[in-house]
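Please read the following points beside the sequence and the model. They are notes for a colleague who is meeting this structure for the first time.

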Amino acid sequence: MENKQIAITEFGEPNVLSITTSTVPKPKEGEVVIKVAFSGVNPIDVKTRAGLGWAAQSNKDNLPWVQGYDIAGQVIALGENTQHFQVGNNVAGMIGFPLRGGAYSQYICVPESELSLVPDSITLEAAAALPLAGLTAAQAVNLAQIKEGERVLVLAGAGGVGHIAVQLAVATQAEVYTTCSEANLDYLATLGAHAINYQFAPVSERLEEVDVLIDLVGGDAALDALKCLKDEARVVTIPTVTAELICEKAKLLGFDAQGMLVKPDIELFETLLYMVSVGLLKIEIQQIYPLEQVIQAHLQIETGRTRGKVLLDMQC
Ligand SMILES: NC(=O)c1ccc[n+]([C@@H]2O[C@H](COP(=O)([O-])OP(=O)(O)OC[C@H]3O[C@@H](n4cnc5c(N)ncnc54)[C@H](OP(=O)(O)O)[C@@H]3O)[C@@H](O)[C@H]2O)c1
């Protein structure tokens, strides 16, 4: 059996992504072999491929490198001393984060400690869309310590992280506001948020007395959103590139502000899977690209206008 993988041999434009072929890897102790059905594509993949950010810095001596952190697929073989899974199980997880990656593979060996069983009621597509974005959204909402009745503003509610963060914030019974373009107003209203069109006017002209800001945009949009906050508001800013700037400005204004980096967390991921399985959380997938079209998938993420998630179909 051949194993197609998508590797980068150098940093640069999307055309540095190339398909390589190897054999199906053999599991080490504690690992299982996964036949990957779908891999998630995240903005960090696109930034790292372009040579930007800390993940590129950390991997610069590690090329060629297979990117990707999100997988869903089937266990096809077990290494020694594995306990949790059987051949045939459907599993998913955020794997190898942040330095190993490897999810853009048709077959991959993964420590079983990084994987969760996918309930029968969840599609492998939804399971592959969930790990990195879902954990980021849940960890941001937890960090913000949102309480019932608080006014929460989520910048970029339509994105991969945003559409999950909005639903989790709504589930805490907060009053949730979110920014999006005109095309996403109705979509975000269906998730229970008050949607605000950022193309029409800056959010600071439309909203005040906000208790919690969850910033998924950074830069000028985040600086503008600080003007909506009430005294002693909490700010969680997710894009790492501008986190220091936003936190500094927010603290000067008297807010409690922090950046964050998503962390693997099996228990939290299984809670998210459960929420999807019972319909408490709806996963939006804008498009699934066959693995040969990975360049188009990266170009789509680069538009910054994706609704929900983009996946790669690794088995076609
Ligand atoms: N620190 C971490 O651990 C971590 C983890 C995950 C993600 N991130 C970062 O968090 C950010 C969001 O990630 P993501 O996966 O959600 O990205 P994404 O899916 O690519 O976000 C796309 C969404 O952003 C919205 N958007 C673009 N510009 C906007 C603006 N000015 N105001 C409001 N919405 C805007 C778009 O909505 P419209 O089309 O309606 O404009 C689109 O739906 C990225 O910078 C990513 O790198 C960080």
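1. Proline 64 sits in the loop that runs between helix 2 (54-59) and strand 4, where helices (H or I, at least four residues) and strands (E, at least two) are DSSP runs numbered from the N terminus. The peptide bond that leads from leucine 63 into proline 64 is cis, with omega near 0 degrees.

2. The model is a predicted one, in which local features need pLDDT of at least 70 and side-chain atom pairs count only at pLDDT 80 or more, while totals for chains, interfaces and linings use all residues. Residues are numbered from 1 along each chain as its sequence is written, and side-chain values use heavy atoms, with hydrogens and water left out.

3. Most residues other than glycine have a negative phi, and most peptide bonds are trans. Glutamine 173, although not a glycine, has a positive phi of about 70 degrees, and this residue lies in the loop between helix 5 and strand 10. Glutamate 232, also a residue other than glycine, has a positive phi near 60 degrees, but its place is in strand 13. Glutamate 232 counts as exposed because its relative accessibility is 69%; here buried means under 20% relative accessible area, exposed over 50%, and partly exposed in between, with a 1.4 Å probe and protein chains only.

4. How many salt bridges does the structure hold? There are 7 of them, a salt bridge being a side-chain nitrogen of Lys or Arg within 4 Å of a carboxyl oxygen of Asp or Glu. One of them pairs arginine 151 with glutamate 175, whose closest N and O atoms are 4.0 Å apart. Since arginine 151 belongs to strand 9 and glutamate 175 to strand 10 (residues 175-180), the pair ties together parts that are 24 residues apart in sequence. Arginine 151 is partly exposed, at a relative accessible area of 21%, and glutamate 175 is partly exposed at 31%.

5. Another salt bridge is formed by aspartate 211 and lysine 230, with 2.9 Å between the closest N and O atoms. Aspartate 211 is part of strand 12 (residues 210-215) and lysine 230 is part of strand 13 (residues 229-237), so this pair ties together parts that are 19 residues apart in sequence. With a relative accessibility of 10%, aspartate 211 counts as buried, whereas lysine 230, at 31%, counts as partly exposed.

6. Lysine 227 and aspartate 224 also form a salt bridge, and their closest N and O atoms are 3.8 Å apart.

7. Strand 1 (2-8), strand 2 (17-23), strand 4 (65-66) and strand 7 (107-111) each supply at least two residues of the lining of the second largest pocket, and strand 7 gives the most, with 4 residues. The lining of the second largest pocket divides into 8 nonpolar, 8 polar and 4 charged residues.

8. Alanine 156 lies in the loop between strand 9 (151-155) and helix 5 (162-171), and counts as partly exposed at 24% relative accessibility. Its C-alpha atom is separated by 5.8 Å from that of leucine 216, although the two residues are 60 residues apart along the chain.

Note on methods: Ala, Val, Leu, Ile, Met, Phe, Trp, Tyr, Cys and Pro count as nonpolar, Asp, Glu, Lys and Arg as charged, and the others, Gly among them, as polar.
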